[in-house]
Amino acid sequence: MLAKRIIPCMDVTAGRVVKGVSFVELRDAGDPVEIARRYDEQGADELTFLDITASSDDRDIIFHIIEKVAEQVFIPLTVGGGVRQVEDVRNLLNAGADKVSINTSAVVNPQLVADAAGRYGSQCIVVAIDAKQVAPNKWEVFTHGGRKATGLDAVEWALKMQTLGAGEILLTSMDQDGQKKGFDLALTRAVTDALEIPVIASGGVGNLQHLADGVTKGGADAVLAASIFHFGEYTVQQAKQHMAQQGIEVRL
Amino acid sequence: MVDIAIVDYGMGNLRSVYQAVRKVAPDANVVVSGEADVIKTAGRVVFPGQGAAPDCMREIRERGLDQTIVEAAAGGKPFLGICMGLQVLFEHSAEGDTPCLGILKGEVVRFAHGLKDAQGNKLKVPHMGWNGVHHADHPLWEGIAQDARFYYVHSYYVQPHDQGIVQGSSDYPQPFVCAVSRGNLFAVQFHPEKSAAAGLKLLENFVNWNPV
């Protein structure tokens, strides 16, 4: 049967992997190509790179990183951050990305999702949703790195993205992100139950049980984590073994 | 002389396939090409594909590559279809009700809506991620463990009329065909170029394969 995926995520700026604590105080985690190779050796199922560069001058750096990783690592690579037009999707795919993640621009211009999926196929279009709880069992979509409220309901928005051609949803809980207390399982469950396409749970992983809970309780098809892997707390292999012990199908 | 031609018909990005083939055949002359002459004279042909069946078939026909592909698949030199490059070898796809190349007898159908696993959890479509492959005995599976996992992303799968061509299957939740072969032709639903060691091994077997 299909395995649940574990996806290490790398925030990249100025050619380095960094991890912020509550969106400030960026901590250097190393060279993206080296880290990617290490996660591949540990059995990561996919890799995600988020280009968090603020200045457009530095945008080209991410292309070079993706090119280098794609020469050495033969698992799916997702790249997000600053994707505004179909041309950005094309450029990232040409650099070696297998999937492109669209976040803010999907809200600003939903047609971009339809156009990109129509041109390159749904399989390579991931829509990233940053959601924050606003009432019991109700979550709102935020954009611009979580700074801007949209008034959109997260579940309805996810459904709309599925209709427009997204192949997958990367769902981040802003409430849980960086807290290391686990995913927002209610949010994850609400979105995955509403959709037919796969959902990647993100935001809040502090230990291996959180990853397992994302699958068994949240119903996620894949789980994404950053800091627990970057700073050597756990390996991807340990995460998979932990999940396998709980009867979760993983690729060991 | 081109050793390995990767067929480019404008559907998506072939860089991953190119990189992976280069990795397993570092000394070979590998090209990505949409030119009939290059494909006809190459020693081996890789026929990838992504996107939707109607778009793929339209691009293949508009570029006048349909006959070239049919001839390459029938012609005796090693031919490897990947993903959409497996599906369009068949007669018809339910995706957009699309007539395909008809090299192999059978149809391409969609995974049913509302699929559930044994625990009652929803099975998502596209079928995306790593699934185990039960494989038959064929030179392209050499050195690959039974039930080794390969990376998939697709919503449709092939139903060959002739079960004799089936070389592998995966479960979602019912078994579906993920690999077929006939003479010089081998084609798979998953992406060997994105399937880590198992995928590279299959590609390596392909570049060393001498079908009789």
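This is a predicted model: local features need pLDDT of at least 70, side-chain atom pairs count only at pLDDT 80 or more; totals for chains, interfaces and linings use all residues.
The space inside the largest cavity comes to about 250 Å³. To find its centre, select A:D98, B:Q50, B:H191, B:E193 and B:K194, which are the closest to that point among the 21 lining residues. Then colour α1 (15-24) and β10 (149-154) of chain B, the elements that give two or more residues to the lining. The structure as a whole holds 4 cavities of 30 Å³ or more.

**Chain A: α1 and α2**

Next, select residues 32-41 of chain A, which form helix α1, and residues 59-72 of chain A, which form helix α2. Their axes come within 9 Å and cross at roughly 30°. Angles under 35 degrees count as roughly parallel, and α1(A) and α2(A) are therefore roughly parallel to each other. The crossing of α1(A) past α2(A) is right-handed. Show side chains for A:P32, A:V33, A:A36, A:R37 and A:D40, the contact residues of α1(A). On the α2(A) side, the contact is made by A:I65, A:K68, A:V69 and A:Q72. Sorted by class, this contact of α1(A) with α2(A) has 5 nonpolar, 1 polar and 3 charged residues.

**Chain A: α3 and α5**

Move on to helix α3 (residues 86-95) and helix α5 (residues 111-120), both of chain A. How do their axes cross? They come within 9 Å and cross at roughly 40°. The two helices, α3(A) and α5(A), are therefore oblique to each other. Their crossing is right-handed. For the contact, select A:V86, A:V89, A:R90 and A:L93 in α3(A), then A:L112, A:D115, A:A116 and A:Y120 in α5(A). The residues of the contact between α3(A) and α5(A) include 6 nonpolar and 2 charged, with no polar ones.

**Chain A: α6 and α7**

Now select helix α6 (residues 154-164) and helix α7 (residues 185-194) of chain A. These helices pack at an angle of about 35°, and their axes are 9 Å apart. Here too the crossing is described by hand: α6(A) passes α7(A) in a right-handed crossing. In α6(A), display A:A154, A:V155, A:A158 and A:L159; they meet A:L187, A:A190, A:V191 and A:A194 in α7(A). Which classes of residue make up the contact of α6(A) with α7(A)? It has 8 nonpolar residues, no polar ones and no charged ones.

**Chain A: a loop residue**

Stay in chain A and go to the loop between β7 (125-135) and β8 (138-143), where A:N137 is placed. A:N137 is not a glycine, although it has a positive phi of about 55°.

**Chain B: two cis peptide bonds**

Switch to chain B and select B:V125 and B:P126. The peptide bond from B:V125 to B:P126 is cis, and its omega is near 10°. B:P126 lies in a loop of chain B, between β7 (106-110) and β8 (127-132).

For the last stop, select B:Y172 and B:P173. The peptide bond that runs from B:Y172 to B:P173 is cis, with omega near -20°. Where is B:P173 found? It is in the loop of chain B between β12 (166-171) and β13 (175-182).

Notes: Residues are numbered from 1 along each chain as its sequence is written. Chains are lettered from A and ligands numbered from 1 in the order in which they are written. Side-chain values use heavy atoms; hydrogens and water are left out. Axes are lines fitted to C-alpha atoms, for helices over the stretch in contact, and angles run from 0 to 180 degrees between N-to-C directions. Helices (H or I, at least four residues) and strands (E, at least two) are DSSP runs, numbered from the N terminus. Angles under 35 degrees count as roughly parallel, over 145 as roughly antiparallel, 65 to 115 as roughly perpendicular and the rest as oblique. A crossing is left-handed if the near helix is turned anticlockwise from the far one by less than a right angle, and right-handed if clockwise. Contact means heavy atoms within 4.5 Å. Ala, Val, Leu, Ile, Met, Phe, Trp, Tyr, Cys and Pro count as nonpolar, Asp, Glu, Lys and Arg as charged, and the others, Gly among them, as polar. On a 1 Å grid over the protein atoms alone, a cavity is a set of points where a 1.4 Å probe fits but cannot get out, and a pocket is an open set with protein on both sides within 12 Å along at least five of seven lines; lining residues have an atom within 4 Å of a point. Grid points are joined across faces, edges and corners, and a volume is the space filled by probe spheres set on the points.
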